[in-house]
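Hello,

Here is the structure for your files, with notes on what was found in it. Please read them alongside the coordinates.

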Amino acid sequence: MLARRIIPCLDVRGGQVVKGVRFRDHVVVGDIIELARRYRDEGADELVFYDITASSDGRTVSTDWVTRVARVIDIPFCVAGGIRSLDEARSILHSGADKISINSPALENPDLIGALAAEFGSQCVVIGIDSLEDSGDYFVKQYTGDPTKTRSTRWRTLDWVREVQRRGAGEVVLNCMNQDGVRRGYDLAQLSSVRAVLTIPLIASGGAGTPEHFRDVFRVAGVDGALAASVFHTAAIRIPDLKAWLRTQQIPIRL
Amino acid sequence: MLAIVDSGGANIASVKFALERLGVPGELTTDPEVIRAAERVILPGVGSAAEGMKRLQQRGLVDCVRNLRQPTLGICLGMQLLFEESAEGPTRTLGLLPGRVARLSNSPGIQVPHMGWNTLRVERASPLLSGFAGDTRFYFVHSFAAPLNEFTLASAEHGSRFAAVVQRGNLYGVQFHPERSGAAGAQLLRNFLALT
């Protein structure tokens, strides 16, 4: 049986890993390669690197650190940040990334999703979605890497999720912005509703604070993977302990 | 010398780096002479079957790969191309193994692509699979898969059972990504490097 995935997320800015609360006020938490090594050794199932300012600055991630990460680690990793063309995607994948994740550029140009899937296969194409609650419904936000540039879109989250799947996305990472960085648990209701309309893998992001939050997001929302940053960076939760405990809770996990 | 067929797919750098970590430099090449002369050959591949075959045809490598006699390992799409046909397209593939690669079907709780760490069930013992426990997991990421047949060394299950590791003579194939499967993947690559 396929294991549920535990995925540390490394927000990258200026070549270092940073972490903010509710997408603001970022502080440096460490070196990219050091953290990638540490998480690999601790049993992370996959890593995600977000160059959080690339999209709002209108530039793409540089590939030199992608190559350095690919040389060092032997687990899959995904790279996100301002990827707007087939050529940019190709250079990142050929540098050794296993998947690329696009967020704001997919909203700018939805045709990019299908073009990437046709060229590299759906399994390489992850769509990141920043979703914020407003008056009882959820809506997609754009350019969340920079609070001064963040803006609303016309998309309801559930409609956008269906749209990206129809266009050939291979996986969705749903960032529940209301929960981000506050450690009160994943947004189980929203994730369950998104799970219900997707036939591709769904990764939960935003809100992890305790081991129980991970168990619940797998058990209640049925997601394929759970992504978290601050609880891992601060060692508030250690991945080996988390995985051993989840196994006692009958969650299929790779040890 | 180990040749990595530069089929233009996306996981080529990962395969090369995985071999470097094992102290075995692989030569990325599209030169049929170099490939024919190599002690071992790896045929990586990520992307669609049609694109994969087109790249082999453009580089004039179809006959070269068909006639290899040394230990050869197809990875992911590289394994699927060893079969007769892929439903992806559909596309005529190399025809070195019997059968048609089909799309995995999704159902409640079974998402496609099959993405993540899964276990194997050994169907036939092989040196390629030595040293693994029953709960050893490998990293899979694919939407199409090959059927079980007499050449299946190990199967995996995602909705239904499919061929995860195959062998016919000198030709081996793995549906998962050993270059991205942690210590287990490194062990599988070492097993491949030790094949005679």
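Which strands of chain B does helix H6 (residues 182-194) of chain B lie across? In this predicted model, H6(B) lies across strand E1 (2-5), strand E3 (40-43), E4 and E14 of chain B. The helix runs at about 140° to E3(B).

Those strands belong to an open sheet of eight strands in chain B, with the order E2-E1-E3-E4-E14-E13-E12-E9 and mixed pairing. Strand E2 (26-29) and strand E9 (121-122) of chain B each have a single partner strand and stand at the edges, so one side of each has no neighbour in the sheet. Strand E4 (residues 72-75) and strand E14 (residues 171-174) of chain B run parallel and are joined by four bridges; in one of these pairs, B:Leu73 has B:Tyr172 as its bridge partner.

In chain A, helix H3 (residues 64-72) has A:Trp65, A:Val66, A:Val69, A:Ala70 and A:Val72 as its buried residues. Seen down the axis of H3(A), they fall within an arc of 165°, so they line one face of the helix. They pack against strand E1 (5-13), helix H1 (32-42), strand E4 (47-51), strand E5 (77-80) and helix H4 (86-94) of chain A, and also against helix H1 (12-21) of chain B.

The last item is A:Asp224, in the loop between helix H9 (211-219) and strand E12 (225-228) of chain A. A:Asp224 is buried, because its relative accessible area is 9%. A polar atom of its side chain lies 2.8 Å from the backbone nitrogen of A:Leu202. Residues that A:Asp224 touches include A:Arg5, A:Arg195, A:Phe218 and, from the other chain, B:Gln111.

Regards

Terms used:
Residues are numbered from 1 along each chain as its sequence is written. Chains are lettered from A and ligands numbered from 1 in the order in which they are written. This is a predicted model: local features need pLDDT of at least 70, side-chain atom pairs count only at pLDDT 80 or more; totals for chains, interfaces and linings use all residues. Side-chain values use heavy atoms; hydrogens and water are left out. Buried means under 20% relative accessible area, exposed over 50%, partly exposed in between (1.4 Å probe, protein chains only). Helices (H or I, at least four residues) and strands (E, at least two) are DSSP runs, numbered from the N terminus. The arc is that of the directions from the helix axis to the C-beta atoms. Contact means heavy atoms within 4.5 Å. A polar contact is a pair of N or O atoms within 3.5 Å; within protein, one must be able to donate a hydrogen and the other to accept it, and residues adjacent in sequence count only if both atoms are side-chain atoms. Two strands pair if DSSP finds at least two bridges between them. Axes are lines fitted to C-alpha atoms, for helices over the stretch in contact, and angles run from 0 to 180 degrees between N-to-C directions. Lists of a residue's contacts leave out its neighbours within four places in sequence.
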